[in-house]
Amino acid sequence: MKVGEIWDYYKHRKGLLFAVLVFAIMLGGLGCKMLNRPTHSPQTTQSQALDSFTAGAYNNTLNIKLVNKAEVAACQLNFGEEFRKVSIMTAADELESETYIRIFDANGNLLASEYSAVDDAVSTPEQIIYRFPDTPKAYTIELTPGAIIEIQARKARFYSNLTGAENHYFDLERTGERYVVTDYGLRKESWNDETGNEVMYDMLRRYLIPQIEQYRDNTAQEILDNKDLDTANKSRILLAYYALDSDDQAIYAEFAELLKQGKVPEITEEPENPGPVEDETPDEELGTYPPMDYVENPNLITERGPEENHNEVVDTGDITMGGGNNVVYSMQTTPESEDDVAIETAEEGDPGETENVVDPLPKQNKVEAREDSPQDNRQEASQQKSDNSFILWLVFGGIAVILLIKFIFDHYVR
């Protein structure tokens, strides 16, 4: 069978040729998929689990309640989506003073407003009672940076939507207070952007730090040491760590590194007690020393500086400086001493000369290379396996096409 005969046959039967090609491609693709399919369910790695979360999951917003003497909310504003939405709710509870909210866009146009009115049915000359009319009422409006929220009330409570705790930074300082929606959150109109940013970050850190410390203090050490265990919770803790600013990250850097890399188990081998070793050097040259006691499983204590208590978050009223999601983690290395860098060589004619040995690869880069090499090897092996599978099934597809053509010619053409 010649190639020319095959082409002469198929050029008048283009539909059949197309069907044969589609069949070959489907057969090759199916084979590649079957070869690349894992034989067991892959284990979720810490990096894969971390990718399933995003820093935007933190609802670092406020819930504002305008309350009466009995601490009952007659009006409530609940912000969401990084202050891009606000839900407004009013109730029929009585108020002791005139109360209203007004919301303007960045151009000063009124978007929404709720005003209390005098309740003539229960008011007296000595005590005037106010209520919001047409209650209960609930609706949501969109906000953009530059929007203004104006509040007049006798008392307002501000609660974090992350922790549920009351935030006193936003408390009313006057009967009519104005707040500005910014790119990073909310601030009083009397604050500058830097102060507003600091207040918003302080709300976030008061939510993140207890999570990190609670997991650190309540998780078994064998789970912390093994980076492949409890990866979902470790990823959430690392996400909280990355959302802190650099000053707060420094406190938990060692713990975050443990969650990322795990702890290499220390293998200690007990000596076989070979017995006394006779020293060839005479005792008079070495002097006499008391024998050393063998300590089984010694406790190795790492040297460190004075410990600080970072478990408490004390509300002193001070604003914590800092800013946002620092997702870049820098590895810290201990500087090498001069004895590690310099090697004393005693050459003939110049016995005290010191030769500086330049390491071609810095210590930090060596660590990073060692950490990344297993992942790179896995990627290369996976890529090679995919290439080999493609070539193999390409050959099988070609053979299938040739056999099909030969079958057609043997049974239908001749």
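I began at the end of H8, where Gly262 follows the helix with a positive phi, near 75 degrees. Helices (H or I, at least four residues) and strands (E, at least two) are DSSP runs, numbered from the N terminus. This is a predicted model, in which local features need pLDDT of at least 70 and side-chain atom pairs count only at pLDDT 80 or more, while totals for chains, interfaces and linings use all residues. Residues are numbered from 1 along each chain as its sequence is written, and side-chain values use heavy atoms, with hydrogens and water left out.

I checked burial in H8, which spans residues 253-261. Buried here means under 20% relative accessible area, exposed over 50%, and partly exposed in between (1.4 Å probe, protein chains only). Ala253, Phe255, Ala256, Glu257, Leu258 and Leu259 are buried.

Next I looked up Lys263, which sits in the loop between H8 and helix H9 (283-286). What does Lys263 touch, leaving out residues up to four places away in sequence? I found Asp225 and Leu258. A contact is heavy atoms within 4.5 Å. Lys263 and Asp225 are 38 residues apart along the chain, yet their C-alpha atoms are separated by 4.7 Å.

**Entry: whole chain**

I noted the totals. The protein chain has 11 helices and 14 strands. Buried residues are 28% of its 414 residues. Of the contacts with a separation of 6 or more, 64% join residues 24 or more positions apart.

**Entry: the largest nonpolar core**

A nonpolar core is a set of buried Ala, Val, Leu, Ile, Met, Phe, Trp, Tyr and Cys residues joined through side-chain atoms within 4.5 Å. Which members of the largest core touch the most other members? I got Leu77, Phe79 and Phe170, out of 33 residues. The elements that give two or more residues to this core are strands E1 (62-67), E2 (73-80), E3 (85-90), E4 (100-104), E9 (148-152), E10 (156-160) and E11 (176-181), and helix H4 (193-218). E2 gives the largest share, four residues.

I then listed the contacts of Phe170, not counting residues up to four places away in sequence. Phe170 touches Leu62, Phe158, Tyr179, Leu186, Arg187, Lys188, Trp191, Val199, Met200 and Met203.

**Entry: E2 and its partners**

I went back to E2. Six of its eight residues are buried, so E2 is largely enclosed by the rest of the structure. Two strands pair if DSSP finds at least two bridges between them. E1 and E2 run antiparallel and are joined by five bridges. Lys65 has Gln76 in E2 as its bridge partner. The hairpin of E1 and E2 has five residues between the strands, and there Glu71 takes a positive phi near 60 degrees.

E2 also pairs with E3, antiparallel, over six bridges. Leu77 stands opposite Ile88 in E3. These two strands form a hairpin with four residues between them, and Glu81 in the turn has a positive phi of about 50 degrees.

**Entry: E4 and its partners**

Is E4 mostly covered or mostly open? I found it mostly covered, with four of its five residues buried. E4 pairs with strand E5 (residues 110-115) in the antiparallel sense over five bridges. Ile103 stands opposite Ala112 in E5. The hairpin of E4 and E5 has five residues between the strands, and Gly108 in the turn has a positive phi of about 90 degrees. E4 is also joined to E9 by five bridges, again antiparallel. Here Arg102 has Glu150 in E9 as its bridge partner.

I looked at Ser116, in the loop between E5 and strand E6 (117-118). Ser116 is buried, with a relative accessible area of 11%. Not counting residues up to four places away in sequence, Ser116 touches Leu95, Ser97, Glu98, Thr99, Tyr130, Arg131, Phe132 and Pro133.

**Entry: cavity**

I searched the whole structure and got one cavity of 30 Å³ or more. On a 1 Å grid over the protein atoms alone, a cavity is a set of points where a 1.4 Å probe fits but cannot get out; lining residues have an atom within 4 Å of a point. Grid points are joined across faces, edges and corners, and a volume is the space filled by probe spheres set on the points. The largest cavity comes to about 50 Å³. Its lining is Leu66, Val67, Asn68, Leu95, Glu96, Ser97, Thr99, Ala153, Arg154 and Lys155. I sorted the lining into four nonpolar, three polar and three charged residues. Ala, Val, Leu, Ile, Met, Phe, Trp, Tyr, Cys and Pro count as nonpolar, Asp, Glu, Lys and Arg as charged, and the others, Gly among them, as polar.

How values were computed:
1 Å grid on protein atoms, 1.4 Å probe; cavity = no way out; pocket = protein on both sides within 12 Å on 5 of 7 lines; lining within 4 Å.
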